[in-house]
Amino acid sequence: MEDGQGVRVRRIAPRAQWLVPACGAILFVAGYPFVPAIHQFLLGPSLGEMILSLVLFLSVFAVFSLVVPRALQVTAERRGVIEGGLENAEETKGEARQLLEERGISISEAQLEAARIREEARERGAQLISDARGQALVDARRSLDDAADRTQESRAHSLTELYPQVADIAVRLSERIIGEPPYERIPPKPHLL
């Protein structure tokens, strides 16, 4: 069945309905001379024996003519059911092969789709990572620029606050060293470096 071999179905030609009873009757008649009363048959059969033989033949023929056609009909029905079952099995087997092929195709399509989705996810992940890195670099530069600006402002503010105090301390120190107060106290202008 596999490997391209088919199932060989033997179909038996139906026999004639009268063939089996006729053969049985022929065998019965052919075997009659071998009965124990063979010596009477050779001398000549009596009328009673001939009638009995005829009745027996007709009864056997009637029984065979009733039984044999029914047996032939049952065997023909069974043969038909078996052949129909074989045909159904072949059809079912073909459908199963087709479904298996369709399933294999759908599985391979699903695997291809999954691979494509994984690849898209990798690309999207790489894009998100590069975007996040770029944004982090921009944020870091902005933070560094803000910190530098704040440092410059803080330095300028510190210098503006400390310069008058340093000048005042220098004047006091010079007064102590010289011993005279200066004539004018002009607050010095801060120099930004």
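D139 and R142 lie 3 residues apart in helix α3, so about one helical turn separates them.

A search of the whole structure finds 5 salt bridges. One of the 5 salt bridges joins E113 to R116, and the closest N and O atoms of that pair are 2.2 Å apart. E113 is partly exposed, its relative accessible area being 34%, and R116 is partly exposed with 39%. Because E113 and R116 are 3 residues apart in helix α3, the separation of the two is about one helical turn.

R172 and D168 form a further salt bridge, in which the closest N and O atoms stand 2.8 Å apart. What separates R172 and D168 in helix α3? The two residues are 4 apart in the helix, which means a separation of about one helical turn. R172 is partly exposed, with a relative accessible area of 48%, and D168 counts as partly exposed at 27% relative accessibility.

## The aromatic pair

How many aromatic pairs does the structure hold? There is 1 aromatic pair in the structure. It is formed by F57 and F61, whose ring centres are 6.2 Å apart and whose planes make an angle of 20 degrees. The arrangement is classed as stacked because an angle under 30 degrees between the planes meets that criterion.

F57 and F61 both belong to helix α3, which spans residues 47-178. They are 4 residues apart in that helix, so the distance along it is about one helical turn.

P21 is located in helix α1, which covers residues 19-31. Its relative accessible area is 3%. P21 is therefore buried, since the class takes in values under 20%.

Which residues does P21 contact once its neighbours within four places in sequence are left aside? The contacts are with F61, F64, S65 and V68. F61, which is in contact with P21, is also a member of the aromatic pair with F57. P21 and V68 are 47 residues apart in sequence, yet their C-alpha atoms are 7.4 Å apart in space.

## A nonpolar surface patch

L47, M50, I51 and V55 make up a nonpolar surface patch of about 390 Å². One of these residues, V55, has its place in helix α3. V55 counts as partly exposed, at 48% relative accessibility. It can belong to the patch because patch residues need over 30% relative accessible area.

## The chain as a whole

The protein chain has 3 helices and 0 strands, and from the N terminus on its elements run α-α-α. Of the 193 residues in the chain, buried residues make up 4%. The accessible surface of the chain comes to about 16,700 Å², and 64% of this surface belongs to carbon and sulfur atoms.

What share of the contacts between residues at least 6 apart in sequence joins residues at least 24 apart? That share is 71%. The pair P21 and V68, 47 residues apart in sequence, is in contact.

## Confidence of the prediction

The protein chain averages a pLDDT of 79, and 74% of its residues score at least 70. Which elements have the lowest and the highest mean pLDDT? Helix α2, residues 38-43, has the lowest mean value, 54, whereas α3 has the highest, 87.

Among the elements of the chain, the lowest mean pLDDT is that of helix α2. Helix α3 is the element with the highest mean pLDDT.

Notes:
Residues numbered from 1 in each chain as written. Predicted model: local features only at pLDDT ≥ 70, side-chain atom pairs only at ≥ 80, totals over all residues. Heavy atoms only, no water. Phe/Tyr/Trp six-rings, centres within 6.5 Å; stacked < 30°, edge-to-face > 60°. Patch = residues over 30% accessible without salt bridge, like charges linked within 9 Å, V, L, I, M, F, W, Y side chains within 5 Å. Areas by Shrake-Rupley, 256 points an atom, 1.4 Å probe, with all protein chains shown as cover. Salt bridge = Lys/Arg side-chain N within 4 Å of Asp/Glu carboxyl O. Buried < 20%, exposed > 50% of the residue type's maximum accessible area, 1.4 Å probe, protein only. Contact = heavy atoms within 4.5 Å. pLDDT = per-residue confidence, 0-100.
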